[in-house]
Amino acid sequence: MAAYAALVSLMHIIDTIEHHHSPPICIDKQQVESLTQIVTFLHEFLEGYKSPVADGDEADALEMRIADGAHAVEDIIESHIVNVIKLGRSSPIEEFLEADTLEMPIAEMYSREEVSCIDFYQDLEQVIEDMSVIKKEAMETSAEAQQQRKVSSTHAGSLTSSSTMKESMMVGFDDVQLQLLDWLIGGYRNRQIIPITGMGGIGKTTLARHIFEHALVKRHFDIRAWTTISQTYNVKEALREVLHQVTGDLGSDLSENELGEKLYKYLYGRRYIIILDDMWSVEVWDKMRFFFPDYNDGSRVIVTTRLSNLAAELTNSNSIGMRFLDDVSSWNLFSKTVFGDEGFPLHLEVIGKKIVGKCKGLPLSIAVIGGLLAKSELTPEYWEHIEENISSIVNSENDEYWLRVLKLSYDHLPAYLKPCFLYMGMFGEDEEIRVAELMRLWVSEGFLKPIINKSLETVAEEYLKELVDRNLILVHRLGAVGNIKYCKMHDLLRDISFQEAEKQRFYYVLGQHCPRGINSQRRIVIPKSTSDKIVRDALQTMSRARSFICHADTVPELLDFRFLRTLTTDKYSSWYSEENVFQLVNLRYLSAVFRKGFQIPSSISLLWNLHTLIVTYKGELTTAPVEIWKMHQLKHVEIWKMDELNHVVFVYREYGMYLPDPSSGDSDVMMENLETLKGVRDFNLNEEVVKRIPNIKKLNIEYHDKVMERVKCLSYLQCLCKLESLRCDIGYRCDEYLQSISFPHSLKKLYLECGNFHLEEILEKIASLPLLEKLQLSCGQFARRRWEIVEGQFPCLKYLSLWACWDMECWTLEGSCLPRLEQLHLSCMWSLEEFPLEIGEIPTLKSIELVGCSESMAVSLKKIVEEHEELQGDPPFHFIVFFFTFHVIVH
């Protein structure tokens, strides 16, 4: 929610100023204490607050007052920061001595600075008083809500059973239904808990309902009962509902324990199946489990839940994970929903398939649109209108019930996850979202609540996983070692994000209708194909914006956006340049494309709170100013040069920055927070540099032959004791220097482009790294034309890639080596004739990919697979082979 995000953001600013190495301003201690006390109370209030207008079109008035109050405090603090930094960090006396730059008497300069500080403290005091009034109102609201809960708890109505839900067709889940039936009727004799998991609207309840009403289930079980739990569960009412269904007794005067005991006695000795629909917490089961006897007669409890991680807490055996429908099943469901058993009219089939395609395989979406079209005129023109407006139709008032089903996932999120969910809607429809970028953006926005002894990046990672577990974010692509690399959001959930974001003024998408309070919008999304005029007109009233996420060719002029924290765009525009971008002193995240002749200006040091710097540009290599070493907040730096090949469309990135040596002996020259450094050419890694980047985790560097002696500095790599990922490109032969290379034991990922140097000695060092999970080698040579891996080497390696190691003729594995290898990729290994037989004995191996290798390699691999199948009955791994003739073998 916007209010919660605003409060967390405000505390981030205050904490940063208090703990910054060289804060631009100071805040009165008493004012800090007052703000902290107010914000802490409001935090706790919002974490338990249930808005009375959650389902309405209007935002909650109290929540918006909290958000506006926190924003007002931010505006005053950050505006004063801009004023102080723009005046200059030097004292007025020093400015006076610089006569050529002084344009006013020193007394006047002192006067202006004093007046500015007085105004700042007075303005800050006023907004603190305003926040105190809001706190008082929240306290009254909290007291009223607490009293209301006491009253309502004695008059709680019974939960509505899911038996009242309208029947839906079970299409596309025949195999899942058969599997579930097998577990219910066969399988273990003891009582089994079977979770059904999946996102809202994917068919969990529909599957459970069909199983519940299945003829075999009715014959097999003596007793069947169904109750809906929901997040605001009431165990007493749930037990009463089950008891009423199985005995007819309402149990109106019984306590929770009495209801449970009566239910237990009735179920004991009878084979039963109980459906607990829409469970949100394992605590419900912990309170109810003892009332469902385990008589060793094959009784079953089915639990439907949106939380994948809840399934693991309920059982360690059988569970069902619902999937999206494929094209055939989606079409069958749509056809039956619209026309029943009648044939599909040919003149509507083309447009019908377009509509189904936009439903993305979500049964809920297909059922809603199908139900609408079943009651509409059967003309191509009308169906085309529906196809064009399908997103708005899905979220129309006529389908309010179905939307509420999905929106429940958002409504029941804890307060700390709601800003993260809303933020996902800022990305394009069906966009593959890079997880590393997403988490850095979350951090820069300031709405992640700090957790003691955890970095904000770790907090972001945990929040992302929680959203994935809740099926609100879809895992799109995994990395080589099993990490989530890209994620996506289903269109319907993204629509919910849009609605809630607009209602709460969390972000604004240019091109939509102009909302109220547009002048206070904090985050602006500029979609693709947005015209220059729309951008210019809209941004004239958005001077308080903190974030620009730009997907369009047009990038806003930035001179007037003094509060801007986040700028991300993959397009270059003449509207901005390094001169004005690096004057935005409150920037925290900058990811931008610049023109030819780009240079990082020395004014970068004015960006006192910059966390992430990602730059792509055309032209000659840039040299960073020495002032960059004084940027204590910097965490992630990537500088890339963009070149075109022969003026064609194909564009590739080169390492784009020379990093100067830091000034020795200056204790203020330190990037102690730096974790990522990529795109650096000829990096002079020496003792002084190692001291300045003690927390570096990811390093991408490149060396050229004109500075061969600098390769000797790679011996200092072992001093980077927190380094986890290293990519080192060395484009020439330099064996005498590489003999001194040493790697830290913390390394997990390593990529070496070797420049045709001999690999044997360096591989012995790499093989002993205890934590290494991913290894990519490119262009190295094997002096003995063979590679021997012996037992004990590469203890944690999961991913191995070799490219263009042309003279490797023989590869041997001895003992139990590569015990955790999962993926193997070999490319352009023309001299290698066959695989070692031991490759088929690696139990963890999942896939092998060959690209441009010899046919004898493919034959030997296929032989290993066939021999394993004869002995074990199944293939040991999946493999795919690409020859340069584009002939493909897949197994």
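Cysteine 728 counts as buried in this predicted model, because its relative accessibility is 1%, where buried means under 20%. The residue belongs to strand S21, which covers residues 725-730.

**Surroundings of cysteine 728**
- Once the neighbours within four places in sequence are left aside, cysteine 728 is in contact with Ile701, Tyr703, Leu714, Tyr751, Leu752 and Glu753.
- Leucine 750 lies 22 residues from cysteine 728 in sequence, and the C-alpha atoms of these two residues are 8.2 Å apart in space.

**Aspartate 807**
- Aspartate 807 sits in the loop that connects strand S25 (799-803) with strand S26 (810-813).
- Although aspartate 807 is buried, it has no salt bridge, and the nearest side chain of opposite charge, that of arginine 785, is 4.5 Å away; a salt bridge would require a side-chain nitrogen of Lys or Arg within 4 Å of a carboxyl oxygen.
- A polar atom of the aspartate 807 side chain lies 3.2 Å from the backbone nitrogen of phenylalanine 782.
- Not counting residues up to four places away in sequence, aspartate 807 touches Gly780, Gln781, Phe782, Arg785 and Ser831.

**Helix H1**
- Helix H1 runs over residues 2-19, and its 18 residues, at 1.5 Å a residue, should span 26 Å, which agrees with the 26 Å between its end C-alpha atoms.
- Of the 18 residues of H1, 15 are buried, so this helix is largely enclosed by the rest of the structure.

**Parallel open sheet**
- Five strands, in the order S2-S3-S4-S1-S5, make up an open sheet whose pairing is parallel.
- Strand S2 (223-228) and strand S5 (320-321) are the edge strands of this sheet, each of them pairing on one side only.
- Within the sheet, strand S1 (residues 192-197) pairs with strand S4 (residues 300-305) in the parallel sense over six bridges, and glutamine 192 stands opposite arginine 300 in S4.

**Antiparallel open sheet**
- Three strands, in the order S6-S8-S7, form an open sheet with antiparallel pairing.
- The edges are strand S6 (433-434) and strand S7 (474-478), and each pairs on one side only.
- The pairing of S6 with strand S8 (residues 484-488) is antiparallel and extends over two bridges, with cysteine 487 in S8 as the bridge partner of isoleucine 433.

Key
Residues are numbered from 1 along each chain as its sequence is written. This is a predicted model: local features need pLDDT of at least 70, side-chain atom pairs count only at pLDDT 80 or more; totals for chains, interfaces and linings use all residues. Side-chain values use heavy atoms; hydrogens and water are left out. Helices (H or I, at least four residues) and strands (E, at least two) are DSSP runs, numbered from the N terminus. Buried means under 20% relative accessible area, exposed over 50%, partly exposed in between (1.4 Å probe, protein chains only). Lys and Arg count as positive and Asp and Glu as negative; His and the chain ends are not counted. A polar contact is a pair of N or O atoms within 3.5 Å; within protein, one must be able to donate a hydrogen and the other to accept it, and residues adjacent in sequence count only if both atoms are side-chain atoms. Contact means heavy atoms within 4.5 Å. The expected span of a helix is 1.5 Å times one less than its number of residues. Two strands pair if DSSP finds at least two bridges between them.
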